[in-house]
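Please have the sequence and the model open while I talk.

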Amino acid sequence: MDLAALETAAALVHSVVPPTPQYRWPLLSRRVGAEVWVKHENHTPIGAFKVRGGVVYLDDLKRSQPEIKGVVTATTGNHGQSIAYSAAALGLAATIVVPEGNNPGKNRAMRGFGANLVEVGHDFQAAYEHAAALAEQENLHLVRSFHPLLARGVASYALELFRAVAALDTIYVPVGLGSGICGVIAARDALALTTEVVGVVAENAPTYALSFAAGHPVPTNRADTLAEGLAVRVPDAEALAIIVKGAARIVTVSEVELRQAARAMFADTRNLAEGAAAAPLAAALQERARLAGKRVALIQSGGNIERTLFADVLSEAGPE
């Protein structure tokens with residue numbers, strides 16, 4: 001993914017999704033003890049960064065396979081919203097498979113974008129396996145949750161950030177299946193920058209942390225976390241290779257830290273952070289000592305937190 005390819009993808013993304021803002025928040029900076037910038041991907045048309053990848057991937061699919069009628073994918077929400085939104089714009093039918101008990105707000109949004117929603121299985125992996133079976137049975141194109149074209153589209157937010165904020169020392173990026181962090185790494189490398197890229201995963205969904213340490217995919221048996229965007233138990237080998245080569249480290253954060261960070265993000269910026277979007281702040285707070293005096297960016301990947309969960313998070317005792 002050289003700079004020319006990223007620029008072409010970004011131009012396509014910006015024909016559908018305006019650039020999102022990045023702000024330096026004084027209260028967050030004081031809390032972390034560093035100059036903290038937040039890239040607000042919660043301000044896209046689907047409330048999350050994933051729409052950028054969906055636009056690029058489905059545009060390429062429509063051009064290369066104009067006879068295609070429909071697509072199917074598995075998701076815990078934001079990837080599905082991206083595919084539903086982009087498919088509707090291109091006149092494609094979209095079937096979205098989600099785990100049972102998935103975030104009801106995200107389910108409602110996917111249906112709102114015109115998707116056929118199927119609820120199957122206890123987690124993302126089970127939903128993915130069902131989506132793959134549906135693709136075979138119904139002759140649908142299967143959209144994986146990680147693909148280089150998805151990462152290329154997502155890299156557009158990193159280009160915006162790097163060009164708006166000079167000399168970033170560290171960027172914290174939540175890691176689900178990896179399109180976000182791979183896009184950030186691609187943009188950094190294409191611009192020949194030295195910014196440290198740090199991935200963040202949930203303690204209850206540590207597959208990428210374990211895999212990063214081992215240097216090869218290490219699946220887990222469970223991925224039970226309030227951060228559904230991080231709830232992955234089988235890593236993508238292609239994404240992992242990019243992360244191992246380009247990331248400085250992977251930080252693991254607890255459920256308590258995720259809840260505290262979501263509350264802090266709201267207190268300091270009045271922005272909603274779903275679990276995955278709270279993870280970068282949780283990691284920065286965990287690594288506060290090493291960030292003193294540095295310029296740091298947090299990828300606020302989405303604001304689609306379920307209403308009752310957010311009410312519960314805000315009601316908890318503890319410092320804002």
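Is the crossing of helix 9 and helix 10 right-handed or left-handed? The crossing of these two helices is right-handed, where right-handed means that the near helix is turned clockwise from the far one by less than a right angle, and left-handed that it is turned anticlockwise.

Before I go further, a word on the source: this is a predicted model, in which local features need pLDDT of at least 70 and side-chain atom pairs count only at pLDDT 80 or more, while totals for chains, interfaces and linings use all residues. Residues are numbered from 1 along each chain as its sequence is written, and side-chain values use heavy atoms, with hydrogens and water left out.

Helix 9, residues 207-214, and helix 10, residues 237-246, pack at an angle of about 60° with their axes 10 Å apart; the axes are lines fitted to C-alpha atoms, for helices over the stretch in contact, and the angles run from 0 to 180 degrees between N-to-C directions. That angle makes helix 9 oblique to helix 10, given that under 35 degrees counts as roughly parallel, over 145 as roughly antiparallel, 65 to 115 as roughly perpendicular, and the rest as oblique. In the contact, which means heavy atoms within 4.5 Å, Tyr208, Ser211 and Phe212 of helix 9 meet Ala239, Leu240, Ile243 and Val244 of helix 10. By class, the residues of this contact are six nonpolar, one polar and no charged, where Ala, Val, Leu, Ile, Met, Phe, Trp, Tyr, Cys and Pro count as nonpolar, Asp, Glu, Lys and Arg as charged, and the others, Gly among them, as polar.

Helix 9 also has Thr207, Tyr208, Ala209 and Ser211 buried, buried being under 20% relative accessible area, exposed over 50% and partly exposed in between, with a 1.4 Å probe and protein chains only. Those buried residues pack against strand 8 (196-202), helix 10 and strand 9 (249-253), and the helix is followed by Gly215, whose phi is positive, near 85°.

Next comes helix 3, which I will take with two partners. Helix 3, residues 51-64, packs against helix 7, residues 148-164, at an angle of about 140° with the axes 7 Å apart, and the two are therefore oblique to each other. Helix 3 passes helix 7 in a right-handed crossing. The contact is made by Arg52, Gly53, Gly54, Val56, Tyr57 and Asp60 of helix 3, and by Leu149, Leu150, Gly153, Val154, Ser156, Tyr157 and Glu160 of helix 7, and these residues divide into six nonpolar, four polar and three charged.

With helix 1, residues 3-14, the axes come within 9 Å and cross at roughly 105°, which makes helix 1 roughly perpendicular to helix 3. Here Ala9, Leu12, Val13 and His14 of helix 1 touch Arg52, Val55, Val56 and Asp59 of helix 3, a contact of five nonpolar, one polar and two charged residues.

Turning to helix 13, residues 307-315, we find Leu309, Phe310 and Val313 buried. Seen down the helix axis, the buried residues fall within an arc of 95°, so they line one face of helix 13; the arc is that of the directions from the helix axis to the C-beta atoms. On the other side, Arg307, Thr308 and Ser315 are exposed, while helix 11 (255-269) is included in what covers the buried residues. Leu314, also in helix 13, is partly exposed at a relative accessible area of 36%, and touches Arg263 and Phe266, not counting residues up to four places away in sequence.

Finally, two loop alanines. Most residues other than glycine have a negative phi, yet Ala167 has a positive phi of about 55°. Ala167 sits in the loop between helix 7 and strand 7 (170-174), and is exposed, with a relative accessible area of 62%. Ala192, in the loop between helix 8 (179-190) and strand 8, likewise has a positive phi, near 55°, and is exposed at 65% relative accessible area.

Terms used
Helices (H or I, at least four residues) and strands (E, at least two) are DSSP runs, numbered from the N terminus.
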